[in-house]
Amino acid sequence: MRRTVSFALGSVVTLVSCLVGCSRKSEGTDASTAPVVSSRASSRVDASVATNTSPPAGPHVPVSAASAAVPPVTDVMSGASTSWAGGPKVVTTGAVDGEALRRRTHERLAKDSSKVTMLQGGSARDLGTRLCEAVVPSRPKDTPILIKPNLGGFEWFKDPAKNDGDDGVKGRITDPEFVRGIVRCLKARGHDKITVAEGWGAKHADWEKLVKVSGYAAMAHEEKVRLVAMDDDGVFDKEDDQPGKPLAVSGMEKTHAPTLLMPKILAEHLEHGLFISAPKIKAHRFGVASVSIKGGQGVVMLSDASPAYKQKWRMHKELGDALGLLKTDKAAGQKAYIEALEVFAERMSDVLELAAPHVVLAEGAPAEAGDGFAKRWPSTESVAIGGLNPITVDRVAAAFLGLWDNADLARELGGHKTSPLIETAAKRFGIDLSSPVVEGNGAELLAKPRPVHFVSMSGFALHSDDSKPESSPGSGASDAGTTSERPTMTAPMVDDAAVTVDGIEDAAWKRATPVAFDTDWSGAKTDVSTRVRAMWSKRALYMLWELEGAGLAVDASRPVGTEREKLYEEDCVELFLGPDASERTRYYEVEVGPLGHFFDLSVNRKTKKSDVAWSSDPKIVTKVDREHHRATIEFALRSPDVVSALAKGKKLPLALYRMEGKGKRLYLAWSPTNTPKPNFHVPDAFGTLSLE
């Protein structure tokens, strides 16, 4: 009997990395008439002396019940892509009044004709203080204030010693010193209820690492302000006031994001506090420009599955298929890509309607052009741009990046001369962006054409000069398939009689050109190398793996003649092979251990199913050299499904992986997936097997 098992799908882009904005209220607008209510639990780091940040009592909006979310399902694929399995389902006991929030936001922004302030010169801290003083309105000293920087939109953690001083974080996120400048400005006004918060979407241990590596933990401790994650997984932060507790939002049925939830701490500050967005000014490989509107992704929680904060990728769920289509049909793929971007813009406008910041203070010290992650062109000037209207602030920031009214961009993106997020938001709120009034000593920078550097996920790049990006060797974006051309392995055709599967390099293998890799899934270099060759015939696909630094951490007592579930928990290599390049979401996975253990299955990400009863019909022989920590794995895959995909001239999706070590595991990849955490099931990161 054939068995099928559902598995949870991750995002192509862990477009890990997407955030929220903030705005300040115009004079005459009552900031204490917003909505909120109650719901569930959250994850947080408190890096400061404990302070009472609970808002004063204020008017609340009617509460409505919310439905439970779909529970997580098990990923039986690889230990490198295990699904989240802890915590309860997304269940809320109350709801924010979405209609009331939308009415208030539209009324506020429609009346807002305030100027945008643009400053230049000085340190990030100095710019933060000066911009805060110029833009943030006066409020009572006991007003709770929420500052949301861009903390999650980075590449991933890297070893600076191996990457020319690049830690993978700095330059991609809002500088903590800029936020320190804002905090000190607010403290000087007598404010003592200040919280710095961001929603990221990674596990709590990674959040703790991020705030430490980035400098936010130290800054928050020194300034005695609260630092929290607007992420609730039902495990962390059940105590205190549960800042990341997801609240249901009523009245979302006719929007593009009907399952949207809201973090409790955000709802509280929208109701009777001040919400300040402090985004990084940078280009973004998908959103084009990432400032306050794109930053709204940081507050997104969706009730589609549990935990809600890890569902951010669903805001751009069409992107994966579009990127896959670009590989096989450029015209159709480009059309699908633009459509995915346009619907993402609609969803982010839905978020903006609910969570429009009262003030935006954007940091560009320096601003970052390029793709926002791995390929970065920092601006020669240090600037800060702020205002009360997030849409006009984003428009000015896009102009500073050279991504406003850009005809070259329009030719690539179906007529969009700037970020569709900005265009869509302006249309939604009826805001004229043709000539916003800009004041401050940085306004003069917009008088002349700005340099342009933009690298898109869809495969095009815009450059106004030949300057080189600030990136490190082996760096990769936090989403897969965006850093460079994916690698190719060539496989010559061979007579079956010339190959003996015995774990020894036959003469026939001399014809096969090897590929080698020593990088992990994030693109970081390691001390462990792997060499792989392939050949094919009308009866089999042959593979020869040569492993250096092999720890041989395998349970030798288990039989090798039958399939070994959970082989990924021990040392093994993995081959992912797609039988059809036009369907990259369908592929075969074969895991083989250095002692000959194996596990195989077929995967269909479109239907969200895997078939563990599928067989590759393998023949496997291995040789080990324990003294020198080496192993050779030779195998032939003789399944009719595999053989029928083999033909001269074919180019098939291929991925080669290796898992090594006990305790601290290595997840090695020939074509890195560049996901926030180890994940091998990223079809857009696969390389190519070219059959000769």
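Glutamate 660 is buried, at a relative accessible area of 6%, where buried denotes under 20% relative accessible area, exposed over 50% and partly exposed in between (1.4 Å probe, protein chains only). Its side chain meets that of arginine 658 in a salt bridge with an N to O distance of 3.0 Å, a salt bridge being a side-chain nitrogen of Lys or Arg within 4 Å of a carboxyl oxygen of Asp or Glu. Arginine 658 is likewise buried, with a relative accessible area of 1%. The model is a predicted one, in which local features need pLDDT of at least 70 and side-chain atom pairs count only at pLDDT 80 or more, whereas totals for chains, interfaces and linings use all residues. Residues are numbered from 1 along each chain as its sequence is written, and side-chain values use heavy atoms, with hydrogens and water left out.

In the chain, 62% of the 692 residues are buried, and the secondary structure comprises 13 helices and 31 strands, these being DSSP runs numbered from the N terminus (helices H or I, at least four residues; strands E, at least two). Of the contacts with a separation of 6 or more, 76% are between residues 24 or more positions apart, contact meaning heavy atoms within 4.5 Å.

The salt bridges come to 37 in number. Aspartate 126 and arginine 130 form one of them, at 2.9 Å from N to O, and because the two residues are four apart in helix H2 (residues 124–135), about one helical turn separates them. Aspartate 126 is partly exposed at 32% relative accessibility, as is arginine 130 with a relative accessible area of 24%. In a further salt bridge, the closest N and O atoms of glutamate 318 and arginine 347 are 2.8 Å apart. This pair links distant parts of the chain, 29 residues apart, with glutamate 318 in the loop between strand S12 (301–302) and helix H8 (319–328) and arginine 347 in helix H9 (residues 330–355). Glutamate 318 is partly exposed at 27% relative accessibility, whereas arginine 347 is buried at 8%.

Strand S3 (residues 116–120) is largely enclosed by the rest of the structure, because five of its five residues are buried. Val116, Met118 and Gln120 point one way from S3, and Thr117 and Leu119 point the other way. S3 runs parallel to strand S16 (residues 438–439), to which two bridges join it, and pairs in the antiparallel sense with strand S15 (residues 383–387) over four bridges; strands are taken to pair if DSSP finds at least two bridges between them. Valine 116 stands opposite valine 438 in S16, while threonine 117 has glycine 386 of S15 as its bridge partner.

Helix H10 (residues 390–400) is mostly covered, eleven of its eleven residues being buried.
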